Amino acid sequence: MLFCDYRYGESAPQIQVRQAGGLHMRRNTVNKLSRRVTFLALSTFVAGSCLVLAPGAWAKGSAKAGKSTFDAKCAMCHAMNGSGNSPMGKSMRVPDLRSKAVQKQSDAEIAGLIENGKGMMPKYGSQLSKQEISDLVAYIRELGSKKK
Ligand code: HEC
């Protein structure tokens with residue numbers, strides 16, 4: 001599923017690089033051509049399987065993108081790990097984002113909360129795009145799954 005991230009397009013050049021390295025680049029035309037064909041076939045396969053196996057994956061949040069927004073805008077209150085264990089977080093008694101109480105909510109509920117705010121929690125609907133909010137939700141899920 002992660003493989004079928006909506007930014008799958010970015011992975012295409014990586015495939016090419018890995019291939020080029022693996023083949024030790026004998027610089028003749030046949031080799032270059034076959035590399036190109038393999039690359040094309042691979043990208044078609046990746047794109048194809050994403051479309052077939054995971055329709056709707058395009059709109060899914062990216063935890064990686066969510067992390068940078070979280071670190072910049074949320075960590076001061078929620079702490080880098082989501083625990084709320086920062087000076088601000090402690091003074092505002094922010095909930096642990098990794099806790100069951102937070103994690104049991106649906107993606108839509110968490111997204112709505114980020115969009116509209118709640119109590120001392122600022123609203124972000126006018127600052128962040130829907131995609132950025134989905135990315136944050138994906139990252140909050142990742143934080144939740146990392147808690148031991
Ligand atoms: C100024 C401090 C502050 C900042 C910045 C902040 N939050 Fe919060 N957040 C809070 C507080 C306080 C609460 C508890 C709100 C309540 O329950 O009254 C909260 C609650 C939450 C909750 C849900 C808690 C629940 O009740 O389920 C989520 C999810 C959340 N914040 C995500 C974020 C995200 C994502 C960002 C960054 C875009 C962010 N917060 C930025 C203070 C902050």
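**Figure 1. Helix α3 and the shell around the ligand.** In this predicted model, α3 contributes six residues to the shell around the ligand, the largest share. Helices are DSSP runs of H or I with at least four residues, numbered from the N terminus. At least two shell residues come from each of α3 (63–78), α4 (87–92), α6 (107–116) and α7 (130–146). Residue numbers start from 1 along each chain as its sequence is written. Because the model is predicted, local features need pLDDT of at least 70 and side-chain atom pairs count only at pLDDT 80 or more, whereas totals for chains, interfaces and linings use all residues.

**Figure 2. Composition of the shell around the ligand.** The ligand is surrounded by 24 residues, a residue being near a molecule if its C-beta atom, placed from the backbone, lies within 6 Å of it. Cys-74, Cys-77, Gly-119, Met-120 and Met-121 are the closest. By class, the shell holds 19 nonpolar, three polar and two charged residues. Nonpolar denotes Ala, Val, Leu, Ile, Met, Phe, Trp, Tyr, Cys and Pro; charged denotes Asp, Glu, Lys and Arg; the others, Gly among them, are polar.

**Figure 3. Ala-79 in the loop between α3 and α4.** Although Ala-79 is not a glycine, its phi is positive, about 70°. Ala-79 is buried (20 or more other C-beta atoms within 10 Å of its own, placed from the backbone), with 20 such atoms.

**Figure 4. Arg-93 in the loop between α4 and α5 (100–103).** Arg-93, a residue other than glycine, has a positive phi near 55°. Arg-93 counts as exposed, with 9 C-beta neighbours inside 10 Å; the cut-off for exposed is 12 or fewer.
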